[in-house]
2 protein chains.
Amino acid sequence: MSRPLEGLQVVECASFVAGPTGGMTLAQLGAGVIRVDPIGGNTDHRRWPVVGNGTGPADAESYYWASLNKGKRSVTVDMRSDEGRELVAALITAPGTDRGVLVDNVVGRRWMANDVLVARRPDLIHVRVQGYPDGRPAVDYTVNAEVGIPQITGSEEGGAPVNHVLPAWDLVTGLSVSTGVLAALYDRARSGRGAYVELALADVALAGVANLGWLSEAAERGRERPRHGNHVYGSFGVDFACSDGARVMVVALTEGQWAALRKVTGTEEVFAALEQALDADLTKESERYRLRETIAAVLKPWFAARDLKTVSDELDAARVLWGRYQGMTEVVAAHREGRHPVLADLTLPDGTASITARSPLRWGGEHGPAGEAPVLGRDTDEVLAEVLGLGAAEIGGLHDRGVVG
Amino acid sequence: MSRPLEGLQVVECASFVAGPTGGMTLAQLGAGVIRVDPIGGNTDHRRWPVVGNGTGPADAESYYWASLNKGKRSVTVDMRSDEGRELVAALITAPGTDRGVLVDNVVGRRWMANDVLVARRPDLIHVRVQGYPDGRPAVDYTVNAEVGIPQITGSEEGGAPVNHVLPAWDLVTGLSVSTGVLAALYDRARSGRGAYVELALADVALAGVANLGWLSEAAERGRERPRHGNHVYGSFGVDFACSDGARVMVVALTEGQWAALRKVTGTEEVFAALEQALDADLTKESERYRLRETIAAVLKPWFAARDLKTVSDELDAARVLWGRYQGMTEVVAAHREGRHPVLADLTLPDGTASITARSPLRWGGEHGPAGEAPVLGRDTDEVLAEVLGLGAAEIGGLHDRGVVG
């Protein structure tokens, strides 16, 4: 099966999560992505998690780097040398309708500034990931603090902020990169125009909370939203413990979901009486939100009296919207049983077996291949020959002079 | 300034966060997006946050709906009627190279099944957001529980899971939708092929944790990662309290960031002695991670002895990577001072002033317009005339029969 972006070539000079996620997404849709790194690897090359969980050698393979850069070709160049810089600039601006696309997160390299590159290829598509819009560095954990999420997470009112562990803004930024590249290609195919598209992690986070209406809420309220613990904001949804200690997350956003939940738990009459006593209409989402603690207290004994298997069977039969709290080891076990087609096995260069993912986008029902683990610098010669037309003697000379890895 | 997707027309039959975020992203890049809803609105039409914070009327405007659907045209149709269904199918499959693009999150409407629509327009691009890949419903909070994030959030080892408040997977899915639409357009322009692209929220979450290497780590470790509180996994980064109670998040991923942090806090000799005593090399990220509690304890008094202003000035001058914990009311105040160009004011249909965002993608330095707040059903007549070529009498008849809103 052919993939939608076959033929497209992208150069990626980026590190950590956001830029590489953008490149990986394009690679999984069929684009040829060339990741360019300094000889010896960029600062993300050995990032955790690593093989051996810190007990292995200092150069233990990184599950993270392999997974975020799978399906790409790896080129290493000494970018402190003029000759190396010229090679990288030539790769970025090589002619061809399906070339001339760069994703980077570079700060302060004058030779990679957009105007310098555009002088070589006027229709270049250049998507640059930044921390702040002015180029200062920022990471997921700092921008998340700045937009106020950790302060409304957890249940301890007035307590210390609770950081998220998922680098959510990095992932959103990564998919914004792939969106930006493809939107620019749409335009270039029609107008011939290139594009310089900048994208700051801090702006992605600001836009994320603003788009959900949360800044409007804060502006109206004049103070922070109280912490809700595990309750879903603006609706009914919370976790319950089963008799065997397993926990489930149960949500009733719609009237139908709320009806199913009342019915299966045999609480229809309780809630009818409560509605009368409290002059409330729990078929309305905002009322379920207002009375969330009361609803949870009424439902809690039903879960506490049943083990996970019983809860699971009954909720599914009643079409309640729910999910089980699982550990990642349980996700791994489900993968081993073949229950998650989106997951895939990935062999690292040192032979270690690991787990990665295919594209969650199913094209005609297929996730497509996940892509192979990259080997740092392995594809340097192949790419120089293919894209720049260099011969064996020229490439040999570059190796001898230490310009490429 | 022209925007990259100008000319493109997309029909959106989706609700809540993921699908509408995809459509909004395309609209902000210049596409014409037509959101189709049932008469009276979909289940997300009054979602929180709402004007009045629950103290207003039952039909209070939703900051959430307005913000996630800004810049789109709104069409309302009675989709229980055959005539209404025919209208919607005709809108989706209307001829034109820059038409024939559908984003939906529909479950079980046979008349909107992909094969039915493709019979009318073979090159249709149809991106369908799902809960699970088999079509069963799931929401951000249930899939997040299932991939194991809440179990490694917070600091209380063995305690109850801590849900995130940001619907992170919804946002990632939304940007995956825009990526999928544009990749399919890239392919259609070359091959003439349409595409049926399915995308399950559950798969986006599984892929997210797998791509970071976290499932590989769990597989190797054989048990869950311990909770780290506010520490950054695999590196050094944690929050500190200043003397005035303000908190900052400080991160040292790279050797340069670590050197800057030691220098500004005057702890170079302390850490040199510690490295000797503990036989550690803190220039290595994995060593900073292993000794994160010790490092934090050494640095803590420096922050505790200074107020935020002093900490801020000194960290900035030293080029430390850090961010301040702010409340959303502080973000709002900064917006009022014009300090966040990505944010924009949005007037709701009832006249309420609210805050939303422009695209975080800056095209030639510009975020572009945020887009106007939608008014439910306002654009029905205009769209029917423009896309389907219906005349005033025909549209009047549809209104009379209650087929359109």
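In what order do the three strands of the open sheet in chain A lie, and is their pairing parallel or antiparallel? In this predicted model, the order is E7-E8-E9, and the pairing is antiparallel. From one strand to the next, the twist averages 20°. E7(A) is joined by six bridges to strand E8 (residues 247-252) of chain A, the two running antiparallel. Within this pairing, A:Asp239 is placed opposite A:Met249 in E8(A). Helix H12 (residues 292-304) of chain A lies across E7 and E8 of chain A, and runs at about 35° to E7(A).

Elsewhere in chain A, helix H1 (residues 18-28) is mostly covered, with 11 of its 11 residues buried. Among them are A:Pro20, A:Met24, A:Leu26 and A:Gln28. The residue A:Gly30, which has a positive phi near 115°, follows H1(A).

A parallel arrangement is found in chain B, where five bridges join strand E2 (residues 32-38) to E3(B). The bridge partner of B:Pro38 in E3(B) is B:Val77. Strand E3 (residues 73-77) of chain B is largely enclosed by the rest of the structure, because five of its five residues are buried. B:Arg73, B:Val75 and B:Val77 point one way from E3(B), whereas B:Ser74 and B:Thr76 point the other way; all are buried.

The interface between the two chains was examined next. In chain B, 136 residues are in contact with 136 residues of chain A. Between them the chains bury about 11,400 Å², of which 66% is on carbon and sulfur atoms. B:Tyr186, B:Met328 and B:Arg362 supply 7% of the area that chain B buries against chain A, more than any other three residues. Polar contacts across the interface of chain B and chain A comprise 53 residue pairs, with both residues at pLDDT 80 or more. Helix H6 (residues 168-191) of chain B contributes 16 residues, the largest share of the side of chain B that touches chain A.

Salt bridges were then considered, within and between chains. Side chains of opposite charge can pair when their charged atoms come close. Over all chains the count comes to 56 salt bridges, and six salt bridges are counted between chain B and chain A. In one salt bridge, the side chain of B:Glu285 meets that of A:Arg47 at 3.1 Å, N to O. In another, the side chains of A:Arg190 and B:Asp98 meet at 3.6 Å, N to O. The latter pair crosses between chains, from A:Arg190 in helix H6 (residues 168-191) of chain A to B:Asp98 in the loop between helix H3 (82-92) and strand E4 (101-104) of chain B. A:Arg190 is partly exposed, with a relative accessible area of 46%, and B:Asp98 is likewise partly exposed, at 23%.

Within chain B, a salt bridge links the side chains of B:Arg128 and B:Asp104 at 2.8 Å, N to O. B:Arg128 belongs to strand E5 (residues 125-130) of chain B and B:Asp104 to strand E4 of chain B, so the pair ties together parts that are 24 residues apart in sequence. Both B:Arg128 and B:Asp104 are buried.

In chain A, salt bridges with shared partners join A:Glu12, A:Arg35, A:Asp37, A:Asp44 and A:Lys72 into one network. One salt bridge is formed by the side chains of A:Asp44 and A:Arg35, at 2.9 Å from N to O. A:Asp44 is buried, its relative accessible area being 0%, and A:Arg35 counts as buried at 1% relative accessibility.

A:His45 is located in the loop between strand E2 (32-37) and helix H2 (63-68) of chain A. Is A:His45 buried or exposed? At 9% relative accessibility, A:His45 counts as buried, because the cut-off for buried is under 20% relative accessible area. When residues up to four places away in sequence are not counted, A:His45 touches A:Gly40, A:Ser62, A:Trp65 and A:Leu376.

Notes: Residues are numbered from 1 along each chain as its sequence is written. Chains are lettered from A and ligands numbered from 1 in the order in which they are written. This is a predicted model: local features need pLDDT of at least 70, side-chain atom pairs count only at pLDDT 80 or more; totals for chains, interfaces and linings use all residues. Side-chain values use heavy atoms; hydrogens and water are left out. Buried means under 20% relative accessible area, exposed over 50%, partly exposed in between (1.4 Å probe, protein chains only). Helices (H or I, at least four residues) and strands (E, at least two) are DSSP runs, numbered from the N terminus. Two strands pair if DSSP finds at least two bridges between them. Axes are lines fitted to C-alpha atoms, for helices over the stretch in contact, and angles run from 0 to 180 degrees between N-to-C directions. Contact means heavy atoms within 4.5 Å. Buried area is the accessible area (1.4 Å probe) that two parts lose on being put together, summed over both. A salt bridge is a side-chain nitrogen of Lys or Arg within 4 Å of a carboxyl oxygen of Asp or Glu. A polar contact is a pair of N or O atoms within 3.5 Å; within protein, one must be able to donate a hydrogen and the other to accept it, and residues adjacent in sequence count only if both atoms are side-chain atoms.
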